[in-house]
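Please look over the sequence and the structure before reading on. The paragraphs below go through contacts, cores, a sheet and pockets in turn.

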Amino acid sequence: MPKLLLSTLIILTAAATPRWTTLQSGVKVRLRGISAVSDKVVWASGSNSTVLRSIDGGFAWQTFAVATDEVDFRDIDAIDENTVYVLSIGNGGASRIYKTTNAGVIWQLQYKNQDPRAFYDAMSFWDASHGMVIGDSIDGQFCIMTTTNGRDWNRVPVSALPRALENEGAFAASGSNVALFGKTHAWIATGGAAKSRVLHTADGGQTWRIAETPIKAGQSSGIFSIAFRDAQHGIVVGGDYKEEKAAVDNAAITINGGVTWTLVKGLSGYRSAVAYVPGTKWVVAVGPSGADFSEDDGQNWKPIAGPGFDTLSFIPSLRKDAAVAFGAGANGTMAKLEFGK
C-alpha cells in the first residue's frame, strides 16, 4: 500500500464524525458550483451571474463581474489559484464558458453557444488545457465538447457516440456530472430519460461506450453526480429532485470502470453531488435535505449532522491533520466540512 494512502487511512480511521462549520458567503443567490484549490483558496458560482472567491478558507468572499448580462453560473472549475473556468447554462447563447488566467482580474468569453436547441450542463478538466463539457441530447444525439488547448471547444463527432434516449441529458444541479481520472478517462452521468446511464471514454473522447445503471430514472430523476477514485472504482448518486427526502434507488457503485453498476442503499434522500475524500475509499454525498458519508466505497452510509447543500468540493490533497471540503447551496449557504482527529 502506498505510504500516502496508508497514512491517510490511519488519520481517517481515528477521525471524529465529519462536521460542518458554517461560513458567510455574503450573497443570497443559489450557489451550485464550487471548486476548492486548497483549504484557503475556494471559488464558487451561482445564479444572477455570481462568481465568488475566498483566499482565507471561506471566511471572506470577493465577488467578480464576469458577464455583462445576467446568467446562471452552474459550474466552476479552478485548475489552480489563477486559472479558473466557469460555465453558464441555458438554451442558445445563455450557455457559455468563461476563463481567467489571472485569478479573476480579466475574464475571457471562450465559448458562446449558437445552437438554440443546445443546453450545456457541466464540465470538468484533466488539466489547464484539457477538459470536457456535457450538454443535453438533441434529436437522439449526445452533445459533448472537448478542448485540448484550454481555448478552443469542439464537439465530439456524433459517429463516436452511442445514441441518446429520448430526453436524455445531464442535470445542471451541481456541476458534477463529469468525472475524470488520469489523463484520458472520463465518465458522464445521465438522467431525465427512461433509464439512467453512464458514458465512458478511455482515450480523451475519441471513442465511447455506454452502460445502464439501476438508478431510477424519469423526467425529474436519474443520476445527478458521478465520482471515481481510480480507473475502476466509481459511484453515482441522484434520485428525484422533486422528492428530496425519498431514499429510493439513488446510489450505485462500480468496480470495473463503469462497465456494470450495483445498486446500494442507505442514502437519506435525493443527493445532487458526490465526492471521494482524496486518496481514500471514503465518500461524501450531499443534497438540499442533508449529507451522508461512507467509509467503504459507498456500500454503507451514515448521515452527517447539519444542513444540506447542492454542491461539494474537496481540496485536492489532504492536510496532515484532516480532509477538508466546501459545500454550497440555496440562499448563498456555504460551509466547510472537516474530517479531523
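Two residues are said to be in contact, or to touch, when they have heavy atoms within 4.5 Å of each other. The model shown here is a predicted one. Leaving aside residues up to four places away in sequence, V286 touches W20, R271, S272, A273, A291, F309, D310, T311 and L312.

V286 also belongs to the largest nonpolar core, which has 18 residues. The residues with the most contacts inside this core are W20, V284, V286, L312, F314 and F339. Two or more residues come from each of β22, β23 (283-287), β24 (290-294), β26, β27 (322-328) and β28 (333-340). The element that gives the most to this core is β28, with three residues. Apart from this core lies another, made of 17 residues, including I134, I144, A160 and W208. As background, nonpolar side chains in soluble globular proteins tend to be buried together.

Next comes a sheet. Four strands form an open sheet with antiparallel pairing, in the order β10-β11-β12-β13. Its edge strands, β10 and β13 (154-155), each pair on one side only. Strands β10 and β11 run antiparallel and are joined by five bridges. One of the residue pairs here is M123 with its bridge partner V133 in β11.

Is β10 buried or exposed? Six of the six residues of β10 are buried, so the strand is largely enclosed by the rest of the structure.

A loop residue can be examined in the same way. A67 lies in the loop between β5 (62-63) and β6. A67 has a relative accessible area of 16%, and the limit for a buried residue is under 20%, so A67 counts as buried. Not counting residues up to four places away in sequence, A67 touches S49, F73, R96 and Y98. Another residue to look at from here is W107, which is 40 residues from A67 along the chain. The C-alpha atoms of A67 and W107 are separated by 8.5 Å.

The last topic is empty space. Rolling a probe the size of a water molecule over the atoms shows where such space is left. The largest pocket has a volume of about 1,100 Å³. Of the 38 residues that line this pocket, S124, F125, L180, S313 and F314 are the closest to its centre. Which strands each supply at least two residues of this lining? They are β2 (31-36), β6 (72-78), β10 (120-125), β14 (178-181), β18 (221-228), β22 (273-276) and β26 (311-314). By class, the lining of the largest pocket has 24 nonpolar, ten polar and four charged residues.

The second largest pocket has a volume of about 190 Å³. Its lining has 13 residues, and D136, N167, A170, F171 and Q219 lie nearest its centre. This lining divides into five nonpolar, five polar and three charged residues.

How values were computed:
Residues are numbered from 1 along each chain as its sequence is written. This is a predicted model: local features need pLDDT of at least 70, side-chain atom pairs count only at pLDDT 80 or more; totals for chains, interfaces and linings use all residues. Side-chain values use heavy atoms; hydrogens and water are left out. On a 1 Å grid over the protein atoms alone, a cavity is a set of points where a 1.4 Å probe fits but cannot get out, and a pocket is an open set with protein on both sides within 12 Å along at least five of seven lines; lining residues have an atom within 4 Å of a point. Grid points are joined across faces, edges and corners, and a volume is the space filled by probe spheres set on the points. Ala, Val, Leu, Ile, Met, Phe, Trp, Tyr, Cys and Pro count as nonpolar, Asp, Glu, Lys and Arg as charged, and the others, Gly among them, as polar. Two strands pair if DSSP finds at least two bridges between them. Buried means under 20% relative accessible area, exposed over 50%, partly exposed in between (1.4 Å probe, protein chains only). A nonpolar core is a set of buried Ala, Val, Leu, Ile, Met, Phe, Trp, Tyr and Cys residues joined through side-chain atoms within 4.5 Å.
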